[in-house]
Amino acid sequence: MRNVVISLMDLSKIELVTIGGQKTTFNDLAGKVTMVVNVASKCGLTPQYEALEELYKKYKSEGLSIIGLPSNTFMQELTKASEIDSFCKVNFGVTFPLTEKVHVNGPRRHKLYKELVKAKDDAGLAGPVMWNFEKFLILPNGEVKRFRPTTKPDDPRITGLIEVNL
């Protein structure tokens, strides 16, 4: 896997809006192990919410952060924030933070994804997000590891990186 290091200072300034509408920045996550995942409620990969939540429960106390960014980029997300929030909690017991819906590709791509898509995957490919549940693991030094959608959250490559960097 090719590595990209993103300036944590640049990331810290990126604004995020929670699914409840509160503005925050990525600053609170700088220097921590953080997984950023574009999520969708009506996707064949939606069951990955369960593994994401288990990962969050297992490593949260050690410093892991997971942020789900709902996206309708691939036309598989519910319309309203309240519906998305309820769906995630009722069906998968999600407790990790979710943001408002964002665009992960195209001219309206969220600023966070403008940075993250510079990271290359195992095949050496950077560029647009391929599908829902693409995972970006941001390490404390700003290094970004990219995992394509079909890589499950509890894949040993991911958990190994988390454990080594907590």
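Helices (H or I, at least four residues) and strands (E, at least two) are DSSP runs, numbered from the N terminus. This is a predicted model, in which local features need pLDDT of at least 70 and side-chain atom pairs count only at pLDDT 80 or more, while totals for chains, interfaces and linings use all residues. Residues are numbered from 1 along each chain as its sequence is written, and side-chain values use heavy atoms, with hydrogens and water left out.

**Stop one: the largest pocket**

Select Leu29, Ser65, Ile66, Ile67 and Pro97: of the 16 residues lining the largest pocket, these are the closest to its centre. The pocket holds about 250 Å³ of space. (On a 1 Å grid over the protein atoms alone, a pocket is an open set of points where a 1.4 Å probe fits, with protein on both sides within 12 Å along at least five of seven lines; lining residues have an atom within 4 Å of a point. Grid points are joined across faces, edges and corners, and the volume is the space filled by probe spheres set on the points.)

Now colour strand S3 (23-25) and strand S5 (65-70), each of which supplies at least two residues of this lining. The largest share, 3 residues, comes from S5. By class, the lining has 8 nonpolar, 5 polar and 3 charged residues. (Ala, Val, Leu, Ile, Met, Phe, Trp, Tyr, Cys and Pro count as nonpolar, Asp, Glu, Lys and Arg as charged, and the others, Gly among them, as polar.)

**Stop two: a salt bridge**

Next, pick arginine 146 and glutamate 134, which form a salt bridge with their closest N and O atoms 2.6 Å apart. (The term means a side-chain nitrogen of Lys or Arg within 4 Å of a carboxyl oxygen of Asp or Glu.) Arginine 146 sits in strand S7 (residues 143-147), and glutamate 134 in the loop between helix H4 (111-116) and strand S6 (135-138), 12 residues apart. The whole structure has 8 salt bridges.

**Stop three: leucine 161**

Finally, go to helix H5 (residues 156-165) and select leucine 161 there. Which residues does leucine 161 touch, not counting residues up to four places away in sequence? They are Leu137, Lys145 and Phe147, where contact means heavy atoms within 4.5 Å. Show leucine 139 too: leucine 161 and leucine 139 are 22 residues apart in sequence and 8.4 Å apart in space, C-alpha to C-alpha.
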